[in-house]
Amino acid sequence: MPSSKRLFFSFLLLSVSASAFAQQQPSSAAIEQKVTALLQQMTLEEKVGQLNQYSGRELTGPASNRKNDLLNSIRSGQVGSMLNVKGVKDTREIQAEALKSRLKIPLLFSLDVIHGYKTVFPVPLAEAASWDMAAIRLSAHVAAKEAAASGIHWTFAPMVDVGRDPRWGRVMEGAGEDTYLGSQIAKARVLGFQGEKLGGTDAVMACAKHFAAYGAAIAGRDYNAVDMSQQQLWETYLPPFKAAADAGAATFMNSFNTLNGTPATASSYLQRDILKGQWKYQGFVVSDWGSIGEMVPWGYAQNLADAAQKAIAAGSDMDMESDAYHQNLAHLVKDGKVDVAQVDEAVRRILRKKFELGLFDDPYKFSDAKREKKVLNDPQNRVAARQMAQKSMVLLKNENNALPLGKQLRKIALIGPLSKAKRDLGGSWTVLADTTEIVSIYDGLTKRAGKNTQVLYAKGCDVEGNSRQGFAAAVEAAKQADVVVLTVGETWDMTGEAKSRADIHLPGVQEELFNALKATGKPVVAVMLAGRPLIFNNIADRAEAILYAWWPGSEGGNALADVLYGDYNPAGKLPSSFPRAVGQIPVAYTQYSTGRPVTMPGQIKYKSAYIDVPNTPRYAFGYGLSYTTFRYSDLKLSSPTMTAAESIQVQFTLTNTGNVAGEEVTQLYLHDPIASTVRPLKELKDFQKVMLKPGESKTITFTIDKEKLAFYNQKLEWVAEPGDFNLMLGSASDDIRLEGKFTLLP
């Protein structure tokens with residue numbers, strides 16, 4: 001069965017399973033009755049207990065004061081959730097302690113299952129490069145299935161922050177720079193993690209994070225402040241969260257940053273006015289690790305009690321690891337500083353999810369040793385990981401058809417500090433994976449090359465550091481080979497939380513190694529491995545081919561060999577622009593015009609331009625090559641005009657003009673040239689991923705309605721203003737193939 005059909009079949013089974021299970025779930029009215037009845041039995045202290053979440057690493061270790069304190073708190077009903085406890089044995093044992101409490105309210109077990117549990121999938125930013133919603137949903141489902149089989153109820157994913165600064169380490173966890181693409185991926189990941197409805201033992205609760213605007217932290221520095229206009233907040237940063245809420249995300253997590261001077265954890269505007277008010281959200285909000293307590297060093301709260309009061313008032317339901325609610329909330333209620341109704345509301349939201357998961361009927365339903373063993377050893381999980389890794393890779397350059405590698409090659413020099421790496425291919429946030437089982441590039445390429453092709457290996461240098469001692473051996477290997485495959489990039493711990501970098505150039509002497517290899521005259525194929533966009537201008541200029549493989553996960557080496565040899569035709573497209581220089585950041589494609597725009601390349605005097613580099617990125621959003629080529633033709637609009645109550649259809653013909661089958665991500669961009677608020681020059685409004693055989697053509701259709709034309713004006717009104725619109729269709733944000741115009745009538 002072809003890989004695309006296998007993926008669809010797996011996805012179909014997932015949908016059917018979720019649908020069948022949903023029919024067995026108790027009604028929401030019945031659950032509300034149970035929640036109300038339980039609340040009426042609870043003391044104030046027991047209510048506050050449900051709002052506390054603690055890390056449980058100490059619970060599975062040797063005896064300690066911390067372990068004893070946690071166990072006593074659990075037995076007395078003072079804990080609602082534990083994180084960092086995993087595995088059937090440990091979750092079952094700790095759940096048994098919770099059932100010793102007076103009301104026997106079960107615990108929620110949570111974990112950062114970001115891109116896989118035992119099976120490691122590509123990092124989320126890499127998956128976003130696939131532009132393949134079914135594959136992304138399947139990836140989240142496999143991760144959820146494995147986690148749920150190990151007793152986990154809840155993952156702290158997906159991260160749906162729009163990230164436009166690659167210096168920010170957590171850009172790795174998101175879907176890139178674009179609001180529309182990010183919203184589609186947010187929906188896919190929520191549905192993948194938790195299915196259509198909570199309660200299945202092959203799913204976990206999702207958590208949309210970080211609410212809100214964390215991706216805009218000043219200078220790309222983690223835990224930093226955010227300062228932005230309301231229009232930018234609503235138009236760019238909130239839509240992926242709305243998409244996650246609409247998809248049914250069970251929980252939200254607030255963010256570490258301040259937003260316009262207010263810590264997000266204390267923002268009633270975000271949590272009560274928008275999320276629980278305008279969006280009518282029924283899930284609950286958990287703080288990020290210690291973020292309630294961090295109001296004190298922010299200078300927003302006088303002490304932990306003050307922070308607890310402000311957080312509960314703002315709508316933060318569960319306190320992760322600050323201990324602020326546990327120490328202070330009951331006293332604040334008794335002193336009249338906090339209305340008990342606020343506590344009741346938060347507890348109701350949490351209990352509702354425990355009932356929806358079915359934990360009151362069977363607290364151990366997710367802790368089944370036989371299911372754990374079976375699911376964690378299912379070989380189909382690695383099949384899915386390999387497919388996802390293939391789809392995530394982006395071909396940035398391919399001069400003189402350097403790729404795919406030919407069968408005639410007798411010697412391949414595999415050189416670089418990441419050629420035999422395993423742990424690094426897993427990226428940040430690996431959970432249960434045995435990283436020794438990750439397939440290295442060396443292992444994958446050697447296996448695929450076969451007996452007739454010799455793979456010569458030389459490390460060359462380390463990722464970091466200045467040592468060039470390995471250069472000579474690397475050059476000698478290159479001289480003997482027909483082609484050089486050079487692996488360069490970052491180590492796994494150079495991107496992720498608390499991994500912001502002021503300089504995102506390729507680290508160490510890796511580009512010097514490239515220069516030495518290039519001097520041999522042998523063609524060099526550069527394989528870039530990283531969790532963020534990097535700057536590598538020298539390699540970009542001079543390498544014959546460049547494949548951006550990100551951190552590809554458990555099957556990374558096999559997937560990379562599939563792509564290098566053409567067993568899989570790369571179809572990935574960049575979800576983030578790659579800058580030429582750090583000084584360009586942020587360099588998202590949604591640029592605005594100015595009063596002095598650059599209209600002709602090179603003519604920049606007294607224009608909005610740099611004098612040392614072009615305004616454009618090195619590689620633009622949506623960019624990615626294939627081993628085949630595509631022609632766009634025959635643009636047709638169903639009408640040159642539309643009213644707000646109507647829509648128009650856009651059609652064109654897509655043709656595979658190459659010699660091999662391939663997928664193309666066709667992208668629809670719009671521009672409102674005259675508006676009451678200056679609009680971006682391009683905005684992605686739709687896309688389709690299309691597979692075509694050589695010579696095959698298909699008619700592609702997009703629908704444009706009022707929603708695709710609307711924006712937030714200066715009064716924060718969602719409006720579509722009458723006037724002319726520019727329509728652009730292409731292969732990337734900077735590779736527009738067809739253009740048209742239409743008019744929205746008054």
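Two residues are said to be in contact, or to touch, when heavy atoms lie within 4.5 Å. The structure described here is a predicted model, in which local features need pLDDT of at least 70 and side-chain atom pairs count only at pLDDT 80 or more, while totals for chains, interfaces and linings use all residues. Residues are numbered from 1 along each chain as its sequence is written, and side-chain values use heavy atoms, with hydrogens and water left out.

Overall, the protein has 24 helices and 26 strands; these are DSSP runs, numbered from the N terminus, with helices (H or I) of at least four residues and strands (E) of at least two. Its radius of gyration is 26 Å, close to the 27 Å that the globule rule gives for 746 residues, so the protein is as compact as a globular protein of that length. (The radius is taken over C-alpha atoms, and the rule is 2.2 Å times the number of residues to the power 0.38.) Along the principal axes, the C-alpha atoms fill a box of roughly 75 × 65 × 50 Å. Of the 746 residues, 60% are buried, meaning under 20% relative accessible area with a 1.4 Å probe and protein chains only, whereas exposed means over 50% and partly exposed is in between.

Now for the inside. A nonpolar core is a set of buried Ala, Val, Leu, Ile, Met, Phe, Trp, Tyr and Cys residues joined through side-chain atoms within 4.5 Å. The largest such core holds 104 residues, and M82, F211 and F252 touch the most other members. Apart from it lies another core, of 82 residues, with L409, I412, V527 and Y548 among them.

Take F211: leaving out residues up to four places away in sequence, its partners include L238, F241, F252, L270, I274 and W279. F252 itself sits in strand β6 (residues 251-254) and is buried, with a relative accessible area of 0%. Beyond its neighbours within four places in sequence, F252 is in contact with residues including C207, A208, F241, L275, Y281 and V286.
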